[in-house]
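Please read the following report with the sequence and the model open side by side.

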Amino acid sequence: MSGRVVPGGQASEHPAYGELRPVTEAASVVLAENPSPMTLDGTNTWILRAPGQRGCVVVDPGPEDPAHLDRLAAQGPVELVLLTHRHLDHTEAARTFAERVSAPVRALDPTLVLGAEGLGAGERLAVAGLDLRVLLTPGHTDDSLSLVVDDDGSVLTGDTVLGRGTTVLGDYDGALTDYLDSLRSLAELSPGTTLLPGHGPDLPDAGETARYYLRHREQRLDQVRAALDQLGPDPAPRRVVEIVYADVDESLWPAADQSVAAQLAHLERTES
C-alpha cells in the first residue's frame, strides 16, 4: 500500500475508489473501478497541474464509466488529455471524455489523436503550468510512452512499469528487445523519481523499480534458456510456460504465452 502526505493535501491509501488522491505536488490519481487480474485494482487516471493552476491534464481517462468520468470532469478545466498506450482500459473513454470537456487528445498512436497532433520522442509539453517530457517506452505495446514531470520529479509509466507485479509484453516482433531498452531508459532517471503507474500503487523510486524489472526479466530469460535445454530449440510457447510459469495461476497463462513468445523471439534475435 502507498500513502503519501502532500503539503496542503490529505494522506490516503491505494486503492481509494471514488476520490481524488494527491500523490505529489503536481499529480493526483482517480482510480477507476475496473479491477481484474490484468488491471489489478483498476486503471489509475492521473490528474496533473502545477500548484495554484486551475487547468489540468488528464492522463488515461480509462473505461466508459459515467461515475468515473464525472469525477474527472469535476477536477476543473481540462486543457489536454494524454494517453500512455492504446489498450482499452486506458483509452475507451478518451473520445467521449475529451468531447465532454472540449479538450484535445494526444497519443503516440495516430488513431487515438483528436483535435491535435500526435506525440513524438523527447517532445516537451508546456501545459497546466507544468513541463512534461515524452519518453518512448515500447514493449508492453509498440506505442507505449512514459511522461516525465520535471517540475516535481515524477514519471507516469502507463503499463510499462506497474506499482505491483510485472507487465505483459506486447505481441509484436521485438517486444522484449524494445522493453529491455525502455527499462534501461527508466533506470537512468534521477534517484527518488516518483513512479506513477497505470495500475497499482505509486512507488518512491522509478529507477530502482526499473532495475528490479531488468533483473526479473534476466532471471526469466535464464529460466527460458534452461527450458529450451530441456525441450529442444523450437518448442511451442505453452510448453515453455508450463515449466517457467508453473507457479503462476493458470488463468494467467494466456498472457504468459505472449510473454514467452517475446522471450523466444528476443533470444533468437540476440543469441542465434
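Which residues does Thr141 touch, not counting residues up to four places away in sequence? They are His85, Arg86, His87 and Tyr172, where contact means heavy atoms within 4.5 Å.

The model is predicted, so local features need pLDDT of at least 70 and side-chain atom pairs count only at pLDDT 80 or more, while totals for chains, interfaces and linings use all residues. Residues are numbered from 1 along each chain as its sequence is written, and side-chain values use heavy atoms, with hydrogens and water left out.

Thr141 sits in the loop between strand 8 and strand 9 (145-149). Helices (H or I, at least four residues) and strands (E, at least two) are DSSP runs, numbered from the N terminus. With a relative accessible area of 3%, Thr141 is buried; buried means under 20% relative accessible area, exposed over 50%, and partly exposed in between (1.4 Å probe, protein chains only).

Asp70, in helix 1, is partly exposed at 41% relative accessibility. Its C-alpha atom is separated by 13 Å from that of Thr45, 25 residues apart along the chain.

The table gives polar contacts between side chains. A polar contact is a pair of N or O atoms within 3.5 Å; within protein, one must be able to donate a hydrogen and the other to accept it, and residues adjacent in sequence count only if both atoms are side-chain atoms.

| Side chain | Partner side chain | Distance |
|---|---|---|
| Thr141 | Asp143 | 2.7 Å |
| Thr141 | Ser144 | 2.6 Å |
| Asp70 | Arg100 | 2.9 Å |

An open sheet of 6 strands has the order 1-2-3-4-5-6, with mixed pairing. Two strands pair if DSSP finds at least two bridges between them. Strand 1 (21-22) and strand 6 (105-106) are the edge strands, each pairing on one side only. Strand 5 (residues 78-82) runs parallel to strand 6, with 2 bridges between them. In strand 6, Arg106 stands opposite Leu82.

Helix 3 (residues 94-101) packs on the sheet and touches strand 4, strand 5 and strand 6; its direction makes about 170 degrees with that of strand 5. Such axes are lines fitted to C-alpha atoms, for helices over the stretch in contact, and angles run from 0 to 180 degrees between N-to-C directions. Helix 1 (residues 66-73) lies across strand 2 (27-31), strand 3 (44-48) and strand 4 (56-59), at about 160 degrees to strand 2.

Strand 7 pairs with strand 8 (residues 130-136) in the antiparallel sense over 4 bridges. Val127 has Leu130 in strand 8 as its bridge partner.

The 13 residues of helix 4 should span 18 Å at 1.5 Å a residue, and its end C-alpha atoms are 18 Å apart, which agrees. The expected span is 1.5 Å times one less than the number of residues. Buried residues of helix 4 include Leu176, Tyr179 and Leu183. Seen down the axis, the buried residues of helix 4 fall within an arc of 160 degrees, so they line one face of the helix; the arc is that of the directions from the helix axis to the C-beta atoms. Among the elements covering them are strand 8, helix 5 and helix 7.

Helix 7 (residues 253-271) has 19 residues and reaches 25 Å from its first C-alpha to its last, close to the 27 Å expected. Its buried residues include Trp253, Val260 and Leu267, and their cover includes helix 4 (175-187) and helix 6 (237-244).
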